Amino acid sequence: MSTDAVSIGTGRKKNHDNAGYAFVSPAALAMILLIIYPMAYGFYISFFNTNLVNKWNFVGFKYYLQAFTEPDFYQSLIRTFIFMFFVVAGHFFLGFLLSNLLNKKFFGRTFFRVIFTLPWLFPETVIALLFTWIMNPMYGILNAILKSLGLISSNIGWLGSGTRAFPAVIFVCIWKGYPLVMTMLLSGMQSIPADLYEAAELDGATKWKQFLHVTIPGLRPVLNTTLILDSVWWFKQYTLVYTMTGGGPGKTTDLISLSIYGTAFNDFRFGKAAAWGIIVFIICYLISKIYGVVLKDE
Amino acid sequence: MNRKTLSLVLTAAMLSSAAAAIPAAAEENVTVSIMCAYASEDPHGQYVYQYAEAFNAANPGITVEIQAISSNDIYAKLASMATSPDDLPTLFWSSVDMAPSELDIGIVESLDEYLDEETKASFANGVLEGASFDGKIAFYPIDVQPSAVIYRKDRFDEAGLSVPTTWEEFLECARALTLDSDGDGEIDQWGFSMVGSNNSSGQSRFMSYLWSCGNDIVRNEDGEWVSEIDNDKFLADFSFWTDLYTVEGVVPTSITEVDYATAANYFAMGYTSIILSGSNAIGVAYNSNPDLKGSLGSFVIPGDAPGTMLNAEGYALCTYASDEEKAAAVEFLKFFSNNDPELGLWQASGKIPATIEGQKAEYIVGDDYAGYLGTIEAGTVPTLNFPGFAALKTALGDAYSAVFAGQSTNEEAVKALAKEVDSMLEDYN
C-alpha cells in the first residue's frame with residue numbers, strides 16, 4: 001500500500017470519527033448540562049457553609065464527618081432503608097400475587113388489569129391527600145368503619161401517632177407502587193414460553209415447583225431491573241411522605257429525602273444538604289451495583 | 001422604483017421608527033414586579049389585584065405586575081433567584097420571620113431614604129421598629145400580626161371562668177372547657193385548639209409561648225449568637241406545653257396532625273374553645289361560622305413577658321431593581337396603604353392595619369380584637385435579627401413533636417434540641 005493510500009484512509013477515519021462526535025454531541029451536551037454540572041456543583045458546595053449567594057465559608061469535610069457522627073443523618077438513613085425494604089417487599093408480594101392471577105385466562109381479565117393499575121396512574125399528591133382524609137382522626141372514614149365494626153371504641157390518630165404513622169405511610173406507599181411491579185412481572189411472565197411449563201408438568205413438577213424453577217428463572221432479567229428501579233425510586237421517595245406527615249410526628253417518618261430538603265430549603269444550610277445528597281447518591285449507586293451482582297443473570 | 005430599492009427604503013424606515021420608539025418606551029414604561037404572598041390567599045388575595053389595577057390606571061407609564069406565591073415558598077424562591085439577580089422582582093412580600101434571612105443574602109434595600117417623614121409618621125406606634133433590623137427599615141409594613149388568645153366568651157361565661165393572666169390559670173380554663181358534651185363517654189370538646197403540627201404555624205406559636213415565659217431561646221452576646229436552652233427553667237416551660245397533650249389531654253386528639261387550618265376549623269366549628277393565633281383566625285372563624293359573631297373575645301398571651309413580636313408583614317424593596325423601578329415601587333406601596341377607605345384586604349383577612357388611621361377602623365374595636373390591640377399597646381418582643389430564625393423554629397418543632405409522638409421524654413427532647421441549636425449556631429456565627 002502506498003503512503004498516499006494510508007493517509008487517505010486515515011483521513012476518512014477521522015471524518016467518520018468527527019461525524020460520530022457530532023451526532024452524540026447534543027446528547028452529551030444535554031447530559032453535561034442537566035446531570036454532570038448539577039452534580040459537580042452539588043459536590044462543590046458540599047465543602048462550604050453557604051447561603052448560595054454571598055456567604056461561602058470553606059468547611060472542608062465537616063458536613064461529611066457530621067453525617068456519620070451526628071445521629072440525625074444516619075438515623076434518617078436507617079429509617080429510609082427500613083421503609084424501602086418494607087415498601088419494595090410489599091410491592092413484590094402483591095406484584096407476584098396479582099401478576100400470577102392476571103396471567104391466567106378468565107372472563108373480565110382486561111378489566112381487572114386496568115383496575116389494578118389505577119393506583120399507579122394517580123398523582124402522588126392526590127393519593128397522599130386522599131389517605132390523609134381517610135385516616136383523619138376526627139372525621140376520617142377509616143375510624144368510622146372500624147367503629148361501626150366494633151373494632152375500636154374511640155377515634156385513632158393514624159398519622160399522628162409515633163407507632164402507627166410509619167406503618168400507615170408504608171401501607172399507602174405499597175398501595176401506590178405495586179402496579180409498576182405487577183405490570184413488569186406480568187409482561188415478563190407473558191414472555192416465558194408455555195412449552196417450559198408443559199415440559200415441567202410432564203416431568204411431574206407441582207405448581208409451586210414450576211413457579212420456583214420456571215417462572216422465577218424466566219423472570220430474572222425483569223426482576224433485576226424492577227428491583228433496582230423500585231428500590232432506588234422508593235429510597236428517594238419524597239412527595240407521598242411529605243404530604244401525609246411532613247416527616248413527623250417527631251421524626252418517625254423523616255426519610256432522608258425529607259431531611260435533605262428540610263436542611264436546604266427550611267434551614268438554608270445548603271452545604272450540609274449537598275453533602276448529604278452526595279452520600280445518598282453514592283448509596284443509590286451502590287444499591288444498583290449490589291443488586292446487579294446478586295441477581296447476575298448467569 | 002424597483003423591488004430592491006423599495007425593500008431597502010422600507011427596511012430603513014422600519015429601523016428608524018424602531019430606534020425612535022425605544023428611548024420613548026424606556027422613558028415612559030416602568031414595570032414593578034411584585035412577588036406577593038397576600039395574592040395567593042383567600043379571601044383577601046383579590047384586593048391585591050384590585051389595588052394594582054387601580055394604581056396602573058391612575059399612573060400611566062408604570063405597570064404593576066403581581067406574581068402570587070405561597071408565603072411558605074417565597075424565601076426558597078428568592079434564594080434560588082438571587083444566584084441570577086436580574087430575575088428578582090422589584091418588590092417581594094416579607095415578614096419579620098423572613099427579613100433576617102433576606103438581609104443575609106443581600107437582596108433587601110433599606111427603605112429609610114425612600115420614605116418621607118409624613119409616610120413614616122403615618123405608621124402606628126412601634127410598627128416601623130418592628131420592620132427594622134439594625135436600625136434600617138427592611139420592608140414597608142402593610143399589616144401587623146401579633147399573636148393573642150381568642151376565646152369563646154359564651155363558654156367562659158357559662159363555665160364561670162375569667163380571662164387568665166398566667167399559664168396556670170390558662171390550664172385551669174382549658175381543663176374546665178374539656179368535656180364530653182353529648183354524654184357518650186368520649187371527650188368531644190377540648191379547651192385549647194393547639195396547633196401541634198411541626199410546621200411554621202405550630203413552631204411560631206410554641207415560640208410565642210416560650211417568650212411569654214421569659215425564655216430568650218437565642219440571644220446576641222457581643223456579636224455572637226448564644227443558646228439559652230439547656231437550663232431547668234426552659235425544661236420546665238417546655239414540659240408544661242407538651243403536658244397539655246400528653247398529660248392533661250386538654251387539646252384535640254392526634255395533635256401532631258393539627259395544623260393551623262385544622263385548629264382554626266376546630267375552633268370555628270366548636271370542637272375547641274380557645275386558640276392562640278394571629279387575628280386572621282377571627283376572620284376564619286366568622287367566615288366558617290357566622291353565628292360566632294358577638295361570641296368571641298381575645299386576650300393578651302398569659303405570662304410575665306411579652307409573648308409575641310409585632311409580626312409586621314409587608315413588602316421589601318429589592319437591591320437589584322433600577323432607580324426608576326424603586327421609585328415607582330415606593331409610590332405603589334404608599335398607594336396600597338392608603339387608597340382603600342374600606343380596608344378590604346385587612347378586613348377580609350382579619351389582619352390589623354399597620355397605619356394609625358387603619359388601626360382606628362371599626363372592625364377592630366370590639367372585644368374580638370381587644371387582645372390584639374392590648375398586646376400592641378403593652379409592647380411586644382423586639383425583632384429578632386437572627387439569620388437562622390427558620391432553622392431555629394424547625395429545631396423547636398422537632399423537639400415538641402418528638403414528645404407528642406412519644407418518641408422522646410421532655411428531658412431527651414430538650415437535650416437533643418440544645419445540641420441541634422449549638423450545631424446551628426456554629427453555622428450562623
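Visitor: Which residue of β12(B) stands opposite V149(B)?

Guide: The general idea is that strands of a sheet pair through backbone hydrogen bonds, either parallel or antiparallel. In this case, L276(B) in β12(B) is the one opposite V149(B). Some housekeeping before we go on. The model is predicted, so local features need pLDDT of at least 70 and side-chain atom pairs count only at pLDDT 80 or more, while totals for chains, interfaces and linings use all residues. Residues are numbered from 1 along each chain as its sequence is written, and chains are lettered from A, with ligands numbered from 1, in the order in which they are written.

Visitor: In which sense do β8 and β12 of chain B pair, and over how many bridges?

Guide: Antiparallel, over four bridges, with β8 at residues 148-152 and β12 at 272-277 of chain B. Two strands pair if DSSP finds at least two bridges between them. The elements themselves are DSSP runs numbered from the N terminus: helices are H or I with at least four residues, strands are E with at least two.

Visitor: In what order do the four strands of the open sheet in chain B come?

Guide: Read across, the order is β9-β12-β8-β13, with mixed pairing. The edges are β9 (190-192) and β13 (296-299) of chain B, each pairing on one side only. On average, neighbouring strands of this sheet are turned by 20° against each other, direction ignored. The angles are between lines fitted to C-alpha atoms (for helices, over the stretch in contact) and run from 0 to 180 degrees between N-to-C directions.

Visitor: How many residues lie between β10(B) and β11(B) in their hairpin?

Guide: Two, and D222(B) in that turn has a positive phi of about 55°. The strands, β10 at 218-221 and β11 at 224-227 of chain B, run antiparallel and are joined by four bridges. One bridge has E221(B) partnered with E224(B) in β11(B).

Visitor: Where else do I find a positive phi in a residue other than glycine?

Guide: Most residues other than glycine have a negative phi, and most peptide bonds are trans. L343(B) is a case, with phi near 55°, in the loop between α13 and α14 (344-349) of chain B. L52(A) is another, at about 75°, in the loop between β1 (48-50) and β2 (56-58) of chain A.

Visitor: Is L343(B) buried or exposed?

Guide: Count C-beta atoms, placed from the backbone, within 10 Å of the residue's own: 20 or more others is buried, 12 or fewer is exposed, and in between is partly exposed. L343(B) counts as buried because it has 20 such neighbours. L52(A) has 18, so it counts as partly exposed.

Visitor: Which peptide bond into P249(A) is cis?

Guide: The one from G248(A), with omega near -5°. P249(A) sits in the loop between α10 (239-245) and α11 (256-266) of chain A. In chain B, a cis bond joins D42(B) and P43(B), with omega about 5°, and P43(B) is in the loop between β1 (30-36) and α2 (45-58).

Visitor: Which residues does F336(B) touch?

Guide: Leaving out residues up to four places away in sequence, Y51(B) and I142(B). Contact means C-beta atoms, placed from the backbone, within 7 Å. F336(B) is buried because 24 other C-beta atoms lie within 10 Å. Its C-alpha is 9.6 Å from that of A54(B), 282 residues apart along the chain.

Visitor: Into which domains is chain B divided?

Guide: Domain 1 is 3-145 + 310-378 and domain 2 is 148-308 + 388-428; the bounds come from an automatic or database domain assignment. Their centres, over C-alpha atoms, are separated by 32 Å.

How values were computed
Two residues are in contact if their C-beta atoms, placed from the backbone, lie within 7 Å.
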